[in-house]
Amino acid sequence: MSHGRHADRDIGVGALARVEGEGGLHVTVRDGAVETVTLDIFEPPRFFEALLRGRRLDEAPDITARICGICPVAYQMSACAAMEDACATTVDEKVTALRRLLYCGEWIQSHALHVYLLHAPDFFGLADAVELAELDRAAVERGLRLKRVGNLVMETVGGRAVHPVNVRVGGFWRAPSPDAIAALAEPLRRARDAALETVSWVAGFEFPDVEADYLFVALHDPDRYPIESGRVGSSAGLDTSPAGFAELAVEEQVPHSTALHARLDGQGHYLTGPLARYALNSAALPELARQAASAAGLGAACRNPFKSIVVRAVEIVFACDEALRLVEAYEPPEPPAATLVPRAATGAGATEAPRGLLLHRYELAADGTIASARIMPPTSQNQATIEDDLRLVVSSGLDLPEEQLTWRCEQTVRNHDPCISCSTHFLDLTVERR
Amino acid sequence: MSAASDRRPTLAVWKFASCDGCQLSLLDCEEELLAVAGAVHIAQFTEMSRAAVEGPYDLSLVEGSITTYEDAARIQEVRRASHRLVTIGACATAGGIQGLRNFASAGEYIATVYARPDYISTLATSTPIAAHVPVDFELHGCPIDRHQLLEVILAQLAGRSPRIPSHSVCQECKARDTVCLLVSRRAPCLGPVTRAGCGALCPAVDRGCFGCFGPAETANTASLAGRLLEDGARRVDVSRLFRTFNAGAPAFREESLANEPRPTR
């Protein structure tokens, strides 16, 4: 039996930094092999699925927005989609376009936050973006300017950046004036340039040579890169509706986490998020984003989780470009919202949150109150796959010094931009070597 | 710069049960963030930095409510390590949306979400920070307003009172010339009883205020509830209106309970 320096180790991170919410990580290495990996999620449970019971269907977008302050629009949009599905309501194309514009704002804001403030410092061995600013102030300022434009889109369409107030089931309370939307064009053009610089910047980072055999799950739309709608597809050929997906996705409770673990019935763990979206939909990216991806060395799919930062940067280019297209084509929806007629029914809605597929399913009573709610946030869907990634990274990095391996484990978790607050029911690293 | 030679005041940001949106408001101060990071030493801010400096801290910002035994103990440690402690947002100041459990039994909530309730340890209630430790200032909002947050940080570090209005959203509508939804359309609006600070965002998009900033100081909620009922609102909807993100604030809690539908005998 080997008792060398690295044969038995315990690696532990009590509180993972630069993730949204609270979590930790624990890895045990015995006889030079990874024995256990757990991503501990000790975010206090907030019981959204329970507190939604008995609320009116139109209250769901604002209540579920409070699950996550980083991606509230994702919650609002999935809730609206589910309620409109339940009540068999079709919304005007102009409403859909305005929703997509609002959602582009959230992608730009959330991705810029993750790329510049949460993820990039790892590639420089720095604790945070303040240290990064001491090294390269222009880069951090560029990231903050990008984030600002994302917030500006959310404020213009949604009324405010965190927990927008203008969204309602069926559409919006008031359609923004054409002048207010037109004023977004110039900031978005500058943001698109900054996004292209971001792609070049992150493409130059050094990446650990790791490839994982992911089962990718994302919305899919042959005609356009998915954000607010689409069917659910996978790298194994799945093609189903959000309601169909709700039946296939199985959630299990594990002792070390307040987030539920998801797997696809009969197929095991899967991954949602930028890598999955890109792998299933890169052919649908508009020319500018496709060129940026190609110049950054990305093929039709990317299976190196550390390079998710490059895919995220490409998605910022896409979101700025798409937002500009929507701004130029804007016509206010009239009326701004469709009317829903409540009925006893079940409805499901799935949209692409910046960090992955977000599914809501509601069972409604005849009076329009919520009888039961199920919410599958991207991070709880990704949690088991993140543990698989950790196993891979620790196995291939056993010769690294303790501090370096611990940092790499943390980075492995941050690769997937986990939003722990999001994991309604959901991280901290401990690597233990025995 | 070593911690010993760094004379800048230290700032710590703590998270309890919450959505992260209020601490995000600090990162949302895009134009001011690097200036703030230059003026204060951000010693503890897990969402932003891997580095953590031990206390004591000159100023702690606390987001989130207390919902677990561990957090009830942790807030005591945070208080002991902090010279000034400011709570930010509806979770920290009123218990947040997760405070709706205070109207139900926690066992019922756990069983709805988890197949194995025995793995989950949680308190039956979600309570504001001030219910556990003395708080130097409470900044309201769901989410808080980032300009108000900057004002509070600057005021606390300068040792002066923050200039934060205590009047209602009504006055913000008047200031921006928004037509009164309650009067002109009989739309349910909590503007007359809700603390100012958002800039009356909802009425500006033709939507009644839904009380994100919690009760204003002299809120006459009973009078407003009477008016909403006269205008045709159902009692259960009036109860729901007061029972959201600030349901734990006494004025909203009482009005919500007063309008709760009672079982008929």
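Reader: What do the side chains of E410(A) and R50(B) meet in?
Author: The side chains of E410(A) and R50(B) meet in a salt bridge, 2.7 Å from N to O. The term stands for a side-chain nitrogen of Lys or Arg within 4 Å of a carboxyl oxygen of Asp or Glu. Side chains of opposite charge can pair when their charged atoms come close.

Reader: Where do these numbers come from?
Author: This is a predicted model, where local features need pLDDT of at least 70 and side-chain atom pairs count only at pLDDT 80 or more, while totals for chains, interfaces and linings use all residues; side-chain values use heavy atoms, with hydrogens and water left out. Residues are numbered from 1 along each chain as its sequence is written, and chains are lettered from A and ligands numbered from 1 in the order in which they are written.

Reader: Back to E410(A). Which other salt bridge has E410(A) in it?
Author: One with R414(A), at 3.2 Å from N to O. R414(A) and E410(A) are four residues apart in helix α14 of chain A, so about one helical turn separates them. Helices here are DSSP runs of H or I with at least four residues, strands are runs of E with at least two, and both are numbered from the N terminus.

Reader: Are R414(A) and E410(A) buried or exposed?
Author: Both R414(A) and E410(A) are buried. Buried means under 20% relative accessible area, exposed means over 50%, and partly exposed is in between, with a 1.4 Å probe and protein chains only.

Reader: Which residues are joined into one network by salt bridges that share partners?
Author: R55(A), R56(A), D58(A) and E59(A) are joined with R234(B), D237(B) and R240(B).

Reader: How many salt bridges are there between chain A and chain B?
Author: Eight salt bridges are counted between chain A and chain B. There are also 19 residue pairs in polar contact across that interface, both residues at pLDDT 80 or more. A polar contact is a pair of N or O atoms within 3.5 Å; within protein, one must be able to donate a hydrogen and the other to accept it, and residues adjacent in sequence count only if both atoms are side-chain atoms.

Reader: Which helix gives the largest share of chain A's side?
Author: α6(A), with eight residues. By class, the side of chain A that touches chain B has 30 nonpolar, 14 polar and 23 charged residues. Ala, Val, Leu, Ile, Met, Phe, Trp, Tyr, Cys and Pro count as nonpolar, Asp, Glu, Lys and Arg as charged, and the others, Gly among them, as polar.

Reader: And what area is buried between chain A and chain B?
Author: About 5,300 Å², with carbon and sulfur atoms giving 61% of it. Buried area is the accessible area (1.4 Å probe) that two parts lose on being put together, summed over both. In chain A, R46(A), F47(A) and Q253(A) lose the most area to chain B, together 13% of what that side buries. As for contacts, 67 residues of chain A touch 58 residues of chain B, with heavy atoms within 4.5 Å counting as contact.

Reader: New topic. How is chain A divided?
Author: Chain A has domain 1 (9-43 + 384-433) and domain 2 (45-382). The bounds come from an automatic or database domain assignment. The C-alpha centres of the two domains lie 25 Å apart.

Reader: What holds for the interface of domain 1 and domain 2 of chain A?
Author: The rule finds two salt bridges across it. D417(A) forms a salt bridge with R355(A), with the closest N and O atoms 3.1 Å apart.

Reader: Last one: which side chain meets R100(A) in a salt bridge?
Author: That of E322(A), at 2.7 Å from N to O. E322(A) lies in helix α12 (residues 308-328) of chain A and R100(A) in helix α4 of chain A, so the pair ties together parts 222 residues apart in sequence. E322(A) is buried at 6% relative accessible area, and R100(A) is buried at 1%.

Reader: What about E322(A) and R325(A)?
Author: Their side chains also meet in a salt bridge, at 2.8 Å from N to O. R325(A) counts as partly exposed, at 43% relative accessibility.
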